[in-house]
Amino acid sequence: MTFAWAGIFAGCIVLSLYPSVVTRAIIPLSLIIGIGLPFNFLFPDYYLRRFGLPTMAELRKFRSPAVHDSASPPTRGAVAGPAVITSEASGPSRPLEEARGDAERITLTQRERRTIMKVIALNSSARGEGTSKTRLMLDALVKGMREAGAEVETIHLRDKKVKNCIGCFTCWTKTPGVCVQKDDMTNEIFPKWLEADICVYATPLYHYTVNAEMKAFIERTLPVVEPFMYRKDDRTHHPLRRNPPKAVVLSVAGFPEPSVFDQLTSYANFLFGKSLLAEIYRPAAESMTQPQVADTMNDILDATAQAGRELVQSRKVSDATLGRITQPIGGDYDSHARMANAFWKTCMSEGASPREFGEKGLIPRPDSIDTFLMIMSAGFNPQSAAGTTAVLQFNFSGEVEGSCHVSIENGKIVTKEGPATKPDLVVESPFEIWMDILTGKADGQAMFMQQKYKTVGDLTLLLRMKDLFGKGKK
Ligand SMILES: Cc1cc2nc3c(=O)[nH]c(=O)nc-3n(C[C@H](O)[C@H](O)[C@H](O)COP(=O)(O)O)c2cc1C
């Protein structure tokens with residue numbers, strides 16, 4: 001504004017050098033009345049609106065006693081948290097309280113005026129669609145929310161510029177409520193976040209908590225609070241300028257035990273307090289997309305969409321739905337670890353990243369009888385096995401020695417270590433040869449012709465091996 005007025009006055013001074021009534025009075029007055037004064041009235045509201053803040057007109061309206069009295073008392077304290085996002089009234093000086101009350105009333109009025117719930121869904125995964133498990137889960141949640149009538153905007157933070165907070169506190173002092181950084185956070189995401197009824201914070205679990213992108217976003221919400229401090233419930237709080245949206249935290253992790261989210265849940269509850277509507281955590285997420293667990297994955301994604309619908313309808317997620325979301329994938333936690341280790345060993349020996357592993361259709365190479373039986377179970381194809389009753393026994397020598405067997409009946413498979421009582425087919429092979437065949441490194445028929453392994457019993461079962469155990473193969 002200073003620059004605009006300086007420009008107008010500079011123009012007037014230049015014009016006054018020419019001695020005439022028009023240049024010394026009429027044009028300068030027209031500039032001041034025609035440009036300067038409208039600019040003075042319109043620019044502050046334009047500026048405040050751009051940053052999602054209440055306009056001067058709204059503040060004036062809500063400060064007038066009549067409106068103040070008739071306004072319903074605000075349901076404050078949506079958020080409890082540490083020093084940053086805080087709650088409730090007790091604390092700072094009265095004028096400050098009033099100003100905060102005004103801002104909250106305006107926020108509530110704007111939100112209440114809406115009939116459609118507005119949701120902002122923030123995805124902080126560094127991975128893109130197709131590989132990100134955070135995104136997989138978030139897409140399902142958003143689908144459910146939309147089905148229930150919410151207006152949802154998903155923002156992938158990897159596509160946006162959100163600089164780190166530089167700790168200058170300009171947003172508390174020189175430009176209250178507005179960050180000094182000029183990036184997507186200030187220009188786009190923060191105003192949208194302020195406007196939303198619910199924010200979904202979707203993050204991969206990195207080192208037991210939110211990842212750096214999500215943390216950077218959270219830190220950049222500092223302008224939502226004022227610098228002052230007050231104590232409530234033995235905790236120090238900052239007063240809120242505006243009520244932030246209610247929070248939903250969604251996270252995925254590599255480790256299989258649900259307790260891997262303990263630190264994150266503690267942080268989320270401390271930060272968001274009462275405004276935390278739900279936490280949706282999916283352990284063992286990297287296993288979700290394995291073809292052999294497709295049914296389980298579909299059920300998990302269905303349940304996540306159901307969670308989205310429940311959130312819009314009742315602002316919470318039922319225990320039954322959360323139970324489905326966290327259901328085990330691919331056996332108990334020990335089996336999960338053994339399979340994961342076989343997967344990583346294969347990645348390393350093949351020089352393939354997890355993404356390339358999937359693209360090449362690789363199979364984790366078993367390194368024990370135990371993992372061999374797991375891979376056989378994982379690859380078992382009930383459709384191909386329909387109507388088949390058979391027992392296949394494997395006697396391994398070489399790298400790993402020992403016997404095991406696989407029983408097929410009624411489209412189901414049971415695996416056991418040790419020999420079977422009445423096997424229909426016995427395969428006798430060096431472990432490493434059979435694993436080469438299993439992982440597609442060697443051709444089973446060629447190895448048979450070269451007598452690298454031997455069989456006793458029903459040879460048709462040998463020929464059907466690929467169909468019976470080829471579920472996961474591309
Ligand atoms: C830097 C880094 C740290 C990780 N830390 C953990 C962890 O502490 N606990 C865990 O279970 N998984 C951890 N993981 C695994 C990720 O949570 C897992 O791969 C997740 O699926 C990634 O989500 P995305 O697919 O959306 O990127 C970590 C992964 C990376 C790259």
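This is a short tour of the structure, one selection at a time.

**Before you start**

The model is predicted: local features need pLDDT of at least 70, and side-chain atom pairs count only at pLDDT 80 or more, while totals for chains, interfaces and linings use all residues. Residues are numbered from 1 along each chain as its sequence is written.

**Stop 1: the whole protein chain**

Show the protein chain as a cartoon and you will find 19 helices and 12 strands. Helices (H or I, at least four residues) and strands (E, at least two) are DSSP runs, numbered from the N terminus. Of its 474 residues, 34% count as buried. A residue is buried if 20 or more other C-beta atoms lie within 10 Å of its own, exposed if 12 or fewer, and partly exposed in between, with C-beta atoms placed from the backbone. Two residues are in contact if those C-beta atoms lie within 7 Å. Among contacts in the protein chain between residues at least 6 apart in sequence, 70% join residues at least 24 apart.

**Stop 2: the open sheet**

Now select β8, β9, β10, β11 and β12. In which order do these 5 strands lie in the open sheet? The order is β10-β9-β8-β11-β12, and the pairing is mixed. Two strands pair if DSSP finds at least two bridges between them. Look at the edges: β10 and β12 (454-457) each have a single partner strand, so one side of each is left without a neighbour in the sheet. On average, neighbouring strands here are turned by 15° against each other, direction ignored.

Zoom in on β9 and β10, which pair in the antiparallel sense over 6 bridges. Valine 406 stands opposite threonine 415 in β10, and the bridge partner of glutamate 409 is lysine 412, also in β10.

**Stop 3: the turn of the hairpin**

Stay with this hairpin, which has 2 residues between the strands. Select asparagine 410, in the loop between β9 (402-409) and β10 (412-417). Is asparagine 410 buried or exposed? It counts as exposed because it has 10 C-beta neighbours inside 10 Å. Check its backbone too: phi is near 50°, a positive value in a residue other than glycine. Most residues other than glycine have a negative phi.

For another example, jump to histidine 207, in the loop between β3 (198-204) and α8 (212-219). Histidine 207 has a positive phi of about 45° although it is not a glycine. With 8 C-beta neighbours inside 10 Å, histidine 207 counts as exposed.

**Stop 4**

Axes are lines fitted to C-alpha atoms, for helices over the stretch in contact, and angles run from 0 to 180 degrees between N-to-C directions.

Colour the buried residues of α14, among them Phe372, Leu373 and Ile375. What covers them includes α12, β9, β10 and α16.

Next, show α12 (residues 333-350), whose axis comes within 10 Å of that of α14 and crosses it at roughly 95°. The two helices are therefore roughly perpendicular to each other, a term for angles of 65 to 115 degrees. Where they meet, Ser335, Arg338, Met339 and Ala342 in α12 face Asp370, Thr371 and Met374 in α14.

**Stop 5: tyrosine 201**

Select tyrosine 201 in strand β3. Tyrosine 201 is buried because 23 other C-beta atoms lie within 10 Å. Leaving out residues up to four places away in sequence, it touches Leu122, Met214, Ala247 and Val249.

**Stop 6: around the ligand**

Finish at the ligand. Which of the 19 residues around it come nearest? They are Thr134, Pro204, Ala253, Gly254 and Phe255. Here, a residue is near a molecule or strand if its C-beta atom, placed from the backbone, lies within 6 Å of it. Helix α6 (residues 133-147) gives the most to this shell, with 3 residues.

Note on methods
Angles under 35 degrees count as roughly parallel, over 145 as roughly antiparallel, 65 to 115 as roughly perpendicular and the rest as oblique.
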